[in-house]
Amino acid sequence: MLEEYTESGTFLTKAVGSDRYLIPEQFDDELKMVADTTDQFIMNEVMPASEEIEHKNYEKLVALVRKAGEIGLLNTDIPEEFGGMGGSKTMTMVVADRISGNASFVTTFSAHNGIGTLPLLFFGKIGRASWR
């Protein structure tokens with residue numbers, strides 16, 4: 001039983017440099033496209049609206065989250081059979097890293113995914129039990 005809990009602390013006992021790391025220069029074409037799409041969205045849509053977002057223009061924030069959904073930034077974790085991208089955790093982390101240009105937007109974006117979408121996927125009627 002103890003063996004299943006010991007992996008979480010292996011960073012303390014493994015030699016430095018023994019883990020593999022992925023840097024942007026190693027991204028495949030799909031990850032490059034996702035990173036570029038996310039960067040363009042932040043620079044062209046979110047950052048110009050920063051003042052409105054910070055002054056609590058919730059309609060603008062909702063519109064930006066909808067736009068993020070339309071271009072696929074909200075569904076990287078969702079399996080294709082449910083309309084998602086079926087992407088890897090690496091893809092999701094690339095989006096999470098690149099989406100952080102505006103604190104209020106990234107909070108809303110993350111809450112949508114972490115509090116809204118993923119619990120429905122994991123525990124809802126269309127959850128993991130039905131796609132395993």
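**Entry 1: a term first, then the model**

I count two residues as in contact when heavy atoms of theirs lie within 4.5 Å. With that settled, I note that this is a predicted model, so I looked at confidence before anything else, since low pLDDT means the predicted coordinates should not be read in detail.

The protein averages a pLDDT of 83, and 83% of the residues score at least 70.

**Entry 2: the overall layout**

I then went through the secondary structure and found six helices and zero strands. Along the sequence the pattern reads α-α-α-α-α-α. The protein has 132 residues, and 28% of them are buried. I also checked how far the contacts reach: among those between residues at least 6 apart in sequence, 58% join residues at least 24 apart.

**Entry 3: the loop between H5 and H6**

Back to contacts, with Gly101 as my example. Gly101 sits in the loop between H5 and H6. What does Gly101 touch, not counting residues up to four places away in sequence? I found Ile42 and Met47. Asp39 is 62 residues from Gly101 along the chain, yet I get 9.0 Å between their C-alpha atoms. At a relative accessible area of 37%, Gly101 falls between the cut-offs of 20% and 50%, so I log this glycine as partly exposed.

**Entry 4: the aromatic cluster**

Next I searched for ring pairs. I describe each one by the distance of the centres and the angle of the planes. How many aromatic pairs are there? The count comes to two.

Phe41 and Phe105 make a tilted pair, at 5.8 Å centre to centre with 55° between the planes. Phe41 belongs to helix H2 and Phe105 to helix H6, so this pair ties together parts that are 64 residues apart in sequence. Phe105 also pairs with Phe109, again tilted, at 6.0 Å centre to centre and 40° between the planes. Phe105 and Phe109 are four residues apart in helix H6, and therefore about one helical turn separates them.

I put Phe41, Phe105 and Phe109 down as one aromatic cluster. Are its members buried or exposed? Phe41 and Phe105 are both buried, Phe105 with a relative accessible area of 0%. Phe109 is buried as well, at 4%.

**Entry 5: the largest pocket**

Phe109 turned up again when I looked at pockets. The largest pocket holds about 190 Å³ of space. It is lined by 18 residues, and those closest to its centre are Thr76, Asp77, Thr92, Phe109 and Asn113. Which helix gives the most to the lining? That is H6, with seven residues. Helix H5 (89-98) and helix H6 (103-123) each supply at least two lining residues. Sorted by class, the lining has 10 nonpolar, seven polar and one charged residues.

I followed up on Asn113, which is placed in helix H6. Its relative accessibility is 15%, which is under the 20% cut-off, so I count Asn113 as buried. Leaving aside neighbours within four places in sequence, Asn113 contacts Leu73, Leu74, Leu118 and Pro119.

**Entry 6: two lysines**

I found Lys56 in the loop between helix H3 (50-54) and helix H4 (58-70). Lys56 is exposed, with a relative accessible area of 55%.

Lys60 is in helix H4 and is partly exposed at 28% relative accessible area. Leaving aside neighbours within four places in sequence, Lys60 is in contact with Ala49 and Glu52. I also checked Lys60 against Ser50, which is 10 residues away along the chain: their C-alpha atoms are separated by 9.8 Å.

Terms used. Residues are numbered from 1 along each chain as its sequence is written. This is a predicted model: local features need pLDDT of at least 70, side-chain atom pairs count only at pLDDT 80 or more; totals for chains, interfaces and linings use all residues. Side-chain values use heavy atoms; hydrogens and water are left out. On a 1 Å grid over the protein atoms alone, a cavity is a set of points where a 1.4 Å probe fits but cannot get out, and a pocket is an open set with protein on both sides within 12 Å along at least five of seven lines; lining residues have an atom within 4 Å of a point. Grid points are joined across faces, edges and corners, and a volume is the space filled by probe spheres set on the points. Ala, Val, Leu, Ile, Met, Phe, Trp, Tyr, Cys and Pro count as nonpolar, Asp, Glu, Lys and Arg as charged, and the others, Gly among them, as polar. pLDDT is the predictor's confidence in each residue, from 0 to 100. Rings of Phe, Tyr and Trp (its six-membered ring) pair if their centres lie within 6.5 Å; planes under 30 degrees apart count as stacked, over 60 as edge-to-face and the rest as tilted. Buried means under 20% relative accessible area, exposed over 50%, partly exposed in between (1.4 Å probe, protein chains only).
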